[in-house]
Amino acid sequence: MYPRSYTKADNIGWRITVDMGSVIAIHFNRFSIDRNTYNWCGGALVIYDGYDETGALLLKNCGYLKPEPLTSTSNVVYIVLDHSNVMEASLFVLNWQQKFVSNAPNFPVDNSCNGHATIVLNSTNATFNVSSPGYPDGYESGLNCIWIFQSAVSGYHPFLSFGFIDLEESSDCLADYVEVFSSSDLAAWKSFGRMCNFANRGTYKFHGTPHLKLQLRTEYDEEKAGFTGTVVLRCGGLLTAPDGVIMQPDSLPTVQPVNRTETFESCNWNISVRAGRTIEFSFEKLNITIEPAGPLVRNGFVAIMNGIDEFSPLLGRYSGTDIPGTIKTSSNRAFVQYQPSISGPNLFRLVYREVSVECGGNVVLSAQYNFTDIMTPNYPDIPPAHSECFWQVLAPAGELLLVQVVGEMLLPYMPQCKTEYIQMREGLTSNAPELIHSCSSDLSKRIMTSTNALSIKYFNDRPDPNAGIKLRVTLAKCGGSVRGVRGSITSKNYPQLGGYPAPAVCEYYIQEGVYGMMILSFEDLHLPAK
């Protein structure tokens, strides 16, 4: 809506995420969050230092004074405009910037351990030793300790190996226990299970996907040692950049004692690019040993799957020295698995990049070229899966644009129109006011802009999209937009009798200013009476 004020009663959220090992610096250019005459905030702009509303509060404010600049302590902030029905109009503009922190913020657990710690490992050589408070001399009752481990190194994830566990044993570990979780987004955590039984080194090992969380809960004072463990970075993890490189690690960090199997552990990478795109892979280097099959032989490979995990359809398994051609997915997700050969060498360099369907374009209309047809790819046939297209249409100054559906509207109807839709905005930027966001019969309605600029987006993130749509964008037969403190408006071809187009609906938009008033007076009105 900006620079226009927001007037709806709604709750709108934004999430900003930057690279691991970085924080987010925020400063405000403009701040006007409505409050009533009694200085009471019916709503507010709220900023949380974390993924959602559970994060620490960085800002909660309303009014008209710009807040001071602020900086997060993690790599993600969540911003909410809580705009209630007692608020009339609000607007704000803020800028944010990623700032790298060499030693990303850590939150130490205090001695009572009723807190949490965030540990960011920023080197493949980094090692973090974690243990229960008081180890090995015992622990207190009523502890609730949480450690969250993250990697600041792209393509690597935390790996936890317990060295020793000695807790009070109970049925189903309902009393004292340690529990390990993994997460891809720091919001939803999947438990590996609880442990409370006596265990020696190497019994329990856990990989983050890519994040890892460790929790200790105790209920009783017992003469037990507690636990100790080690966290290092292992190759593999979640990659979300639009392009990147995957290589064999120089050496796999290991947890003592080192054994031959652990040294040659495999690595898995999940790649996720923007919805509506696909992924293209190409090998720049490949030299992975292939030997005749035998009981002591384990050949290495790089496997690429068309989906989110190792059970997705296999696109190819690659080894040897012959570099294959380009490999392409059919969606925005891919899974890459690397298993090194025991005998070596194990060398590869795999490059990936985000790919979009070739479609869209820019069109300038004029009196001579007064319309354009916009079609989804392959129209009237089915468009490619996971495609996204952008068009921009510009009319002469003062003219308006009319959009009509040509032929049958074949987009699927679905709630909220998230996986396949047409979106139109009155302007040429992603922040321009939205005219329509639809996958239903709304598109059969008459759609007219109030400016001379229009952007159209077609999006599908489906493996089986429908047969698409064709739109015709024309200069409106009449109407227009006028700016200024004074002026005149006439119907088309005035004063010629019957000179205006019929049938037609003419719309005129007059903008004088934000706070001004307008006076309209008719000098001539000559229309047929019903």
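User: Which residue forms a disulfide with Cys173?

Analyst: Cys196 does, with the two sulfur atoms 2.2 Å apart. Keep in mind that this is a predicted model.

User: Where do Cys173 and Cys196 sit in the chain?

Analyst: Cys173 is in the loop between strands S11 and S12. Cys196 is in the loop between strands S13 and S14. They are 23 residues apart.

User: And is Cys196 buried or exposed?

Analyst: Buried, with a relative accessible area of 1%. Cys173 is buried too, at 9%.

User: How many disulfides turn up in the whole structure?

Analyst: There are 3. One of them joins Cys359 to Cys389, S to S 1.8 Å. Cys359 lies in the loop between S25 and S26, and Cys389 in strand S28, so the link ties together parts 30 residues apart in sequence. Cys359 is partly exposed, at 25%, whereas Cys389 is buried, at 0%.

User: What sheet do S26 and S28 belong to?

Analyst: An open sheet of 5 strands, ordered S26-S28-S33-S30-S31, with mixed pairing. S26 and S31 are at the edges with a single partner each, so one side of each has no neighbour in the sheet.

User: How do S26 and S28 pair, parallel or antiparallel?

Analyst: Parallel, over 4 bridges. Val364 stands opposite Leu394 in S28.

User: New topic. How many residues are in the largest nonpolar core?

Analyst: It has 47 residues, and those with the most contacts inside it include Trp147, Phe162 and Phe348. Strand S20 contributes the most, with 5 residues. Domain 2 and domain 3 each supply at least three.

User: What lies apart from that core?

Analyst: Another core, of 25 residues, including Leu401 and Phe459.

Conventions:
Residues are numbered from 1 along each chain as its sequence is written. This is a predicted model: local features need pLDDT of at least 70, side-chain atom pairs count only at pLDDT 80 or more; totals for chains, interfaces and linings use all residues. Side-chain values use heavy atoms; hydrogens and water are left out. A nonpolar core is a set of buried Ala, Val, Leu, Ile, Met, Phe, Trp, Tyr and Cys residues joined through side-chain atoms within 4.5 Å. Buried means under 20% relative accessible area, exposed over 50%, partly exposed in between (1.4 Å probe, protein chains only). Helices (H or I, at least four residues) and strands (E, at least two) are DSSP runs, numbered from the N terminus. Domain bounds come from an automatic or database domain assignment. Two strands pair if DSSP finds at least two bridges between them. A disulfide is a pair of cysteine sulfur atoms within 2.5 Å.
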